[in-house]
Amino acid sequence: MNSRLGGSVHFFVYDVVKIFILLSVLIFGISWVQSYFPPERTRRILGSMSGVSARLAGALLGTITPFCSCSSIPLFIGFTSAGLPLGTTFSFLISSPLVDLASVILLASIFNWPIAIAYVVVGVVLAVIGGTVIDHARMERHVADFVRQAQMAEVPQQALALPDRLRFAREQVRDIVHRVWLYILVGVGIGAAIHNWIPQPFITALLGKEHWWSVPLATAVGVPMYADIFGTLPIAEALIGKGVGLGTVLAFMMAVTALSLPSLIMLKQVVRTPLLVLFFVLVTSGIVVIGYLFNALAHWFV
């Protein structure tokens with residue numbers, strides 16, 4: 001246990017077991033709730049709202065959908081095709097990979113509840129602000145024609161019985177774990193390496209909270225990566241242990257989950273360059289501001 005190898009093995013086994021148990025239990029419960037809100041019902045709920053309330057509802061509904069940034073894009077296409085305001089759909093697109101209920105529990109287990117709740121609040125606020133700016137920019141003409149012209153079929157709401165909801169929840173657990181297990185193992189492996197093999201002076205010299213460049217650098221490093229938030233949490237845990245600022249770590253997590261390069265490539269097939277650039281600038285700027293804010297107020301969460 002006191003050796004580097006022993007410490008790395010302990011970190012890896014403990015975090016893998018903890019994350020997979022929590023993930024399976026939480027996804028089952030969240031999927032049970034989600035079975036009451038299929039895409040068609042969600043579309044109707046959002047379609048009945050307008051303005052800031054619609055964008056807030058889109059951001060909050062994004063928090064109950066445990067999707068990565070790439071998985072959120074098909075729902076974004078469906079909502080946009082159904083005629084929902086662009087600001088509402090972008091609020092959903094920002095919040096869905098950034099915040100979900102399972103990640104809140106995992107954040108609280110690694111850090112504490114004030115940090116987990118603050119992360120959710122700033123994620124939702126970022127989604128609402130981003131959607132509001134995009135809505136007022138009148139960028140509808142920059143959505144691909146095939147999205148705007150698509151027809152969405154009206155599917156009657158199906159009443160699910162208890163066995164159907166149990167089956168749906170089990171399938172969601174199996175599907176999501178199948179999609180993220182490799183990222184979790186890689187993330188925990190990186191976290192174990194950072195925690196036990198990379199010297200603390202090197203980490204703090206690069207990403208120490210006293211350096212003004214730590215937040216932009218962490219954001220820039222996170223963008224090319226592609227991982228679910230569950231895969232970034234062990235890395236965040238290790239970085240915090242090495243003395244990296246809370247805001248710097250959260251900026252890295254947000255950049256990985258909301259601005260991954262594969263999701264930006266997919267989104268480019270759906271929207272034209274001006275809208276993609278506006279989305280990227282808004283989210284990146286918001287993440288950097290949030291990073292600096294959390295670094296400045298980190299003592300509140302101890």
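Q: How do helix 11 and helix 15 sit relative to each other, by angle and axis distance?
A: This is a predicted model. In it, helix 11 (residues 214-222) packs on helix 15 (residues 273-296) at about 135°. Their axes are 9 Å apart. Angles over 145 degrees would count as roughly antiparallel, so this pair is oblique.

Q: Which hand is the crossing of helix 11 and helix 15, left or right?
A: Right-handed.

Q: And which residues make the contact?
A: From helix 11, S214, V215, P216 and T219. Helix 15 brings T284, I287, V288, G291, Y292 and N295.

Q: How do those divide into nonpolar, polar and charged?
A: The contact between helix 11 and helix 15 has 5 nonpolar residues, 5 polar and no charged.

Q: Switching topic. Where does G245 lie?
A: In the loop between helix 12 (229-241) and helix 13 (246-258).

Q: Is G245 buried or exposed?
A: Buried. Its relative accessibility is 1%, and the cut-off for buried is under 20%.

Q: How far is G245 from A298, in sequence and in space?
A: They are 53 residues apart in sequence. C-alpha to C-alpha, G245 and A298 are 7.8 Å apart.

Q: Now the whole chain. How many helices and strands?
A: 15 helices and 0 strands.

Q: What share of the residues is buried?
A: 53% of the 302 residues.

Q: And what about contacts between residues at least 6 apart in sequence?
A: Of those, 85% join residues at least 24 apart.

Q: Last one: what does the accessible surface come to?
A: About 13,400 Å² for the chain. Carbon and sulfur atoms account for 71% of that.

Technical notes:
Residues are numbered from 1 along each chain as its sequence is written. This is a predicted model: local features need pLDDT of at least 70, side-chain atom pairs count only at pLDDT 80 or more; totals for chains, interfaces and linings use all residues. Side-chain values use heavy atoms; hydrogens and water are left out. Helices (H or I, at least four residues) and strands (E, at least two) are DSSP runs, numbered from the N terminus. Buried means under 20% relative accessible area, exposed over 50%, partly exposed in between (1.4 Å probe, protein chains only). Contact means heavy atoms within 4.5 Å. Accessible areas come from the Shrake-Rupley method with a 1.4 Å probe; for residues, only the protein chains shown count as cover. Axes are lines fitted to C-alpha atoms, for helices over the stretch in contact, and angles run from 0 to 180 degrees between N-to-C directions. Angles under 35 degrees count as roughly parallel, over 145 as roughly antiparallel, 65 to 115 as roughly perpendicular and the rest as oblique. A crossing is left-handed if the near helix is turned anticlockwise from the far one by less than a right angle, and right-handed if clockwise. Ala, Val, Leu, Ile, Met, Phe, Trp, Tyr, Cys and Pro count as nonpolar, Asp, Glu, Lys and Arg as charged, and the others, Gly among them, as polar.
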